[in-house]
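Subject: Structure for your files

Hello,

Here is the structure I said I would pass on. My notes on what was found in it follow below.

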Amino acid sequence: DLDFTKSDRTENIRRVAELACLLLKQVDVVIVATISPEEKQRQLAKDIIGTKFFRLIYLSTPLEVCSIRDPKGHYMRAHQGLIKRFTGISAPFDVPNYCDLELNTAKISLHACLKKILKEIFKT
């Protein structure tokens with residue numbers, strides 16, 4: 001029931017964070033992938049989940065690479081104006097002020113990314 005408006009994106013992040021928080025009570029690790037274009041959305045997720053468990057991993061992959069990899073054609077439709085308020089095309093993306101880990105998947109292999117993510121999650 002959500003679309004690409006700022007308020008709907010924030011609600012999506014809130015829902016995902018609340019679910020992640022519930023799952024953390026049952027399991028040791030929860031990994032969530034979302035598009036969080038604004039700092040306030042990332043902070044909302046961190047506030048809900050808590051600083052003890054929250055790790056922000058920023059995938060800094062260039063827009064051109066994301067477009068090439070897009071299996072659903074969302075980027076193409078957004079470029080054609082068929083999807084409004086699409087992050088990175090017709091809606092802004094604020095680069096995180098801080099992240100625990102930054103990965104550019106255009107330069108780092110999937111295997112190397114996974115190793116870095118696991119190292120970040122399980123560091124002591």
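Leaving aside neighbours within four places in sequence, Phe54 is in contact with Arg42, Ala45, Lys46, Ile49 and Asp100. Please keep in mind that this is a predicted model.

Phe54 also belongs to the largest nonpolar core, which has twelve residues. H1 gives the most, with five. In soluble globular proteins, nonpolar side chains tend to be buried together.

The two helices pack with their axes 9 Å apart, at an angle of about 25 degrees. That angle is under 35 degrees, so H1 is roughly parallel to H2. Their crossing is right-handed. On the H1 side the contact is made by Lys6, Arg9, Thr10, Ile13, Arg14, Ala17, Glu18, Ala20, Cys21 and Leu24. H2 contributes Lys40, Gln41, Leu44, Ala45, Ile48 and Ile49 to the contact.

Is Ser36 buried or exposed? Its relative accessibility is 12%, so Ser36 counts as buried, the cut-off being under 20%. The side chain of Ser36 makes a polar contact of 2.9 Å with the side chain of Thr34. Beyond its neighbours within four places in sequence, Ser36 is in contact with Ile13, Gln41, Arg42 and Phe93.

Regards

Technical notes
Residues numbered from 1 in each chain as written. Predicted model: local features only at pLDDT ≥ 70, side-chain atom pairs only at ≥ 80, totals over all residues. Heavy atoms only, no water. Core = buried A, V, L, I, M, F, W, Y, C linked by side-chain atoms within 4.5 Å. Buried < 20%, exposed > 50% of the residue type's maximum accessible area, 1.4 Å probe, protein only. Helix = DSSP H or I, 4+ residues; strand = E, 2+ residues; numbered from the N terminus. Contact = heavy atoms within 4.5 Å. Polar contact = N/O pair within 3.5 Å; in protein donor to acceptor, adjacent residues only side chain to side chain. Axes fitted to C-alpha atoms, helices over the stretch in contact; angles between N-to-C directions. Parallel < 35°, antiparallel > 145°, perpendicular 65-115°, else oblique. Left-handed = near helix turned anticlockwise from the far one by under 90°.
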